Amino acid sequence: MKIGIIGAGNIGAILARKLGAAGHEIKLANSKGPESIRDLAAEVGATATTKEDAVKGVDTVILSIPFSAYRDLAGLFEDVSGNVVVVDTSNYYPFRDGAISDVDDGQPEAIWVTKQIRRPVIKAWNAVLAATLAEKGIDKTQSGRIALPVAGDDPEKKAMVMELVEATGFDPVDAGSLAASWRQQPGTPAYCTELAADELKTALEKANQTRSADNRETLIKGFMERGDSLTHDEIVARNRALTV
């Protein structure tokens with residue numbers, strides 16, 4: 001499959017590396033231009049390009065950028081075929097993105113994204129820590145596999161993305177429609193808690209939309225107070241303790 005990835009930070013770079021290793025052809029772009037990521041692209045087996053080129057001649061586009069930056073992508077998909085799958089991996093954090101009233105009032109993050117880029121998306125790889133994505137993916141023949149939620153309204157496109165999630169070493173779980181994608185946003189039991197497939201399905205069912213934003217803010221405050229002293233396992237444990 002030909003895949004364009006816009007965003008070369010932690011998640012975007014890891015996805016480029018993993019999907020490239022799985023045999024997919026990867027274009028990698030960021031906001032600063034291809035020269036700024038030339039070495040990274042070579043390291044992960046991708047081709048460095050512009051965001052405008054990354055959406056051309058591909059089957060799937062993965063958007064892995066800060067949430068507020070979606071405003072900068074308006075018009076990017078105007079001439080892109082509707083058959084191209086667009087994946088949103090982002091999460092809303094007001095301390096970083098600034099307050100966005102529609103999302104604060106309960107609009108699912110992925111619905112807000114579709115309005116910014118004028119294109120329906122599939123929500124995936126948002127509910128996983130970068131270290132988890134990089135280090136804990138395993139072959140499906142092994143036990144103890146972590147599951148990741150995938151939400152969207154187009155069954156065929158969602159199935160394609162679930163196959164890509166599988167290729168990165170995780171069990172994909174159908175999380176329902178895009179309107180229900182709030183169930184995998186920050187502050188919910190499905191978010192960065194490293195659950196098995198059956199556990200994740202239960203977590204998605206138990207999510208409470210009215211509590212998720214408060215949970216998110218409580219967790220972020222605690223993480224910021226501790227700085228860099230928390231280990232990866234401690235972060236996962238805190239997410240679980242507050243939300244699961």
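In this predicted model, the largest pocket has a volume of about 880 Å³. Its lining is made up of 34 residues, and those closest to its centre are Tyr93, Arg96, Leu129, Ala130 and Tyr191. Several helices give two or more residues to this lining, namely helix 1 (10–21), helix 4 (94–97), helix 7 (130–135), helix 10 (209–226) and helix 11 (232–243). Helix 10 supplies the largest share, with five residues. By residue class, the lining of the largest pocket contains 19 nonpolar, 12 polar and three charged residues.

The second largest pocket has a volume of about 230 Å³. It is lined by 15 residues, of which Ile6, Asn30, Ser31, Lys51 and Ile65 are the closest to its centre. Six residues of this lining are nonpolar, five are polar and four are charged.

The model also holds one cavity of 30 Å³ or more. The largest cavity has a volume of about 60 Å³. Among its 14 lining residues, Ala127, Ile146, Ala147, Leu148 and Glu194 are the closest to the centre. Strand 7 (residues 147–150) gives the most to this lining, contributing three residues. The lining of the largest cavity divides into 11 nonpolar residues, two polar residues and one charged residue.

The linings and volumes are set out together below.

| Space | Volume | Lining residues by class |
|---|---|---|
| Largest pocket | about 880 Å³ | 19 nonpolar, 12 polar, three charged |
| Second largest pocket | about 230 Å³ | six nonpolar, five polar, four charged |
| Largest cavity | about 60 Å³ | 11 nonpolar, two polar, one charged |

Strand 1 (residues 2–6) and strand 2 run parallel and are joined by five bridges. Within this pairing, isoleucine 3 has isoleucine 26 of strand 2 as its bridge partner. Strand 2 is largely enclosed by the rest of the structure, because four of its five residues are buried.

Histidine 24 is found in the loop between helix 1 and strand 2 (25–29). This histidine counts as buried because its relative accessibility is 17%, which falls under the 20% limit. Beyond residues up to four places away in sequence, histidine 24 touches Met1, Ile3, Leu19 and Leu164. One of these residues, methionine 1, also places its backbone nitrogen 3.3 Å from a polar atom of the histidine 24 side chain.

**Helix 6 and threonine 114**

Helix 6 (residues 109–117) has seven buried residues out of nine, and is therefore largely enclosed by the rest of the structure. The buried positions are Glu109, Ala110, Trp112, Val113, Thr114, Gln116 and Ile117. They pack against strand 4 (60–63), strand 5 (85–88), helix 5 (101–104) and strand 6 (122–123). Just after helix 6, arginine 118 adopts a positive phi of about 60 degrees.

Threonine 114 belongs to helix 6 and is buried, with a relative accessible area of 14%. Its side chain reaches the backbone oxygen of isoleucine 111 at 2.6 Å. When neighbours within four places in sequence are left aside, threonine 114 is in contact with Arg119, Pro120, Val121 and Leu178. Leucine 178 is 64 residues away from threonine 114 in sequence, and the two C-alpha atoms are 9.8 Å apart in space.

**Threonine 188**

Threonine 188 is located in the loop between strand 8 (171–174) and helix 9 (197–206). It is buried, with a relative accessible area of 1%. Apart from its neighbours within four places in sequence, threonine 188 is in contact with Trp182, Arg183, Ala207, Ser212 and Thr243. Alanine 124 lies 64 residues from threonine 188 along the chain, and their C-alpha atoms are separated by 15 Å.

Note on methods: Residues are numbered from 1 along each chain as its sequence is written. This is a predicted model: local features need pLDDT of at least 70, side-chain atom pairs count only at pLDDT 80 or more; totals for chains, interfaces and linings use all residues. Side-chain values use heavy atoms; hydrogens and water are left out. On a 1 Å grid over the protein atoms alone, a cavity is a set of points where a 1.4 Å probe fits but cannot get out, and a pocket is an open set with protein on both sides within 12 Å along at least five of seven lines; lining residues have an atom within 4 Å of a point. Grid points are joined across faces, edges and corners, and a volume is the space filled by probe spheres set on the points. Ala, Val, Leu, Ile, Met, Phe, Trp, Tyr, Cys and Pro count as nonpolar, Asp, Glu, Lys and Arg as charged, and the others, Gly among them, as polar. Buried means under 20% relative accessible area, exposed over 50%, partly exposed in between (1.4 Å probe, protein chains only). A polar contact is a pair of N or O atoms within 3.5 Å; within protein, one must be able to donate a hydrogen and the other to accept it, and residues adjacent in sequence count only if both atoms are side-chain atoms. Contact means heavy atoms within 4.5 Å. Two strands pair if DSSP finds at least two bridges between them.
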